[in-house]
Amino acid sequence: MLVVTDGSDPATEAVAARHGARFLALPAGAGANAKRNAGVASARGELIVFIDDDIEAPAGWLSSLLAGAGGAPGHDVFGGPIRARLEGGGPRACGRESAPITTLDLGSEDREAELVWGANMAVRRRALERVGPFDQALDGCGEEEDWQRRFLARGGRVRYVASAGVDHLRVGADAGVRSLSRAAYFRGRSARRYDVSKGTAPGIAGELRVLAGCAWHVVRRRCLNGVVMGAHAAGRVVSAVRWEAPPAGVELAEWAGAHSVASSAGGGSGCAASVASSAGGGSGCAASIASSDGAELAGGGGSGGPGGRDDFVSGTSGYVAGVRATTRTAAADVALDALALSRGEPWRLRRAAQRWPRRRVLVLGVERTDQPNLLAAARDELERSRHHVDFASKAVDGRGKFENLDALLADHPAAGHDWLVAIDDDVSLPPGFLDVFLFLAERFGLALAQPAHRRRSHAAWEVTRRRPASVVRETAFVEIGPVVAFQAVTFDALLPFPPLRIGWGLDAHWSAIARQHGWRIGVVDATPVRHGLRPIAGAYNREDALAEARAFLAERPYTRHDEAGRTLAVHRSWR
């Protein structure tokens, strides 16, 4: 028997020792599939049995599972029933829906199966050697399903062993509506991401219909299980609205085999026959939340990320293209717009902004005159503001963005203005943009601010995309564009801009300077813009941008990309 945990767990280690089990601790947050792979690599048997720490196996369970495997030499994956057992019976249910935790019931006879679940699963080593390890990039739903689908695609067969059942437990507060709903919400988000990765995710309208149906079920049937189902549906909707891309694949180094029963403490399932149990998990889905105290500031170089990669860039293009992505993100914007309208947010914000003091605002724009652009429309929108707006722009003329902005500043000094706004020529602004944007930036004390990107907008940093039910978020980072605003308090420290052509890494430096000065910076979700006329980095060479950034940041503090993605506070109302 082998017990695998993620992170040090002396109590679990002591229990394992009392029962003669081997114990293996992985780094904290390793994930269920990492624990499964580690269990396989450390196991010594030819049949590897995986269980979770929240199941109870009755007498004879393992014998039945081994007998089922022995009687089906043409099958390599086996699983048995998983019965829900909630202390006190769980939430009030009408009987029309399944249990609110992972179960499996394929009948009273052994049979061919499509899938079994990791809380009660056995796999022959030959199948693991043929298919490869579990995908450690998956976190939550799909962890064991992904591996089994790869196994089936190679002609493998899965067998359901009816007599090898286990009980899936929830006790105490974990059996209550609140705890079950929280778990279901994160499971829904994870399930949506996994469906997106398979290309089987329904549209946002379909997700909203399910959520509405769950709400009706609660009212019509007075069924508290409907609350849990609604939480799952809400998680899927939030994941769809936030356009959470599935995680990138992870390549594993060597992994080797063995046969014992392994256990994966901390989430998911993972063992070998020999049996393992997963302390703190379950075969369903879970979420892991990491936090950090204070900003992580780097200085010198800019390539301090894993494997020496540049740690001042987001690592993604943020480019929204193709029918599927465009349809999904457009639908997400419609849903978010509808949510804001249902709260009366646009009108109430405009009324509040009308009562705010007038400001002097300098707006600077750089225009590519050789291509269609939106700068004239943006100027018209900005000059409709109640604030006093001084607008200045110039053509690119062979120079870089920040070289041109400094040229504009030389002719149009920021001194005497309350705000400086830098705007690109390929961004579309919503009606009444500047009044509401400045009102919210000042209301929450932001010294550097940017409007959120709409979901259907090219945005390299996910933290800058609009969030539901948020008007402003305080963040650790704002971008150099397509729209960024500087309050007068920042002028002495940040102006004139450094003599950069492209400016990658400059925003990471601004974030570090803001931390040093104690400035708040953030993203205004209530005034989302669309950056979609041209692809990001379409007018310059990416390698040139990286080289310029490395040289610029070599002797300057900056905020690394993992810290830059943090949201520090969410403000859902301006009152």
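**A guided reading of a predicted model**

Guide: Residues 24 or more positions apart account for 79% of the contacts (heavy atoms within 4.5 Å) in the protein with a separation of 6 or more. This is a predicted model, in which local features need pLDDT of at least 70, side-chain atom pairs count only at pLDDT 80 or more, and totals for chains, interfaces and linings use all residues. Residues are numbered from 1 along each chain as its sequence is written, and side-chain values use heavy atoms, with hydrogens and water left out.

Visitor: How many helices and strands does the protein have?

Guide: Helices (H or I, at least four residues) and strands (E, at least two) are DSSP runs, numbered from the N terminus. Here there are 17 helices and 23 strands.

Visitor: What span does helix α6 reach from its first C-alpha to its last?

Guide: The expected span of a helix is 1.5 Å times one less than its number of residues. Helix α6, residues 177-198, has 22 residues and reaches 30 Å, close to the expected 32 Å. Just after α6, G199 takes a positive phi of about 80°.

Visitor: What share of the residues is buried?

Guide: Buried means under 20% relative accessible area, exposed over 50%, and partly exposed in between, with a 1.4 Å probe and protein chains only. Of the 575 residues in the protein, 52% are buried.

Visitor: Which residues touch the most other members of the largest nonpolar core?

Guide: A nonpolar core is a set of buried Ala, Val, Leu, Ile, Met, Phe, Trp, Tyr and Cys residues joined through side-chain atoms within 4.5 Å. The largest has 39 residues, and L420, L448, F486, F497 and W510 touch the most other members. Elements giving two or more residues to this core include β16 (419-423), β18 (446-453) and α15 (506-517). Apart from this core lies another, of 34 residues, among them A378, F391, I423 and W574.

Visitor: Which residues is F497 in contact with, leaving aside its neighbours within four places in sequence?

Guide: F497 is in contact with F402, L405, D406, L409, L420, F486 and W510.

Visitor: Where does R566 lie?

Guide: R566 is in the loop between α17 (561-564) and β23 (567-571). R566 and V463 are 103 residues apart in sequence and 7.1 Å apart in space, C-alpha to C-alpha.
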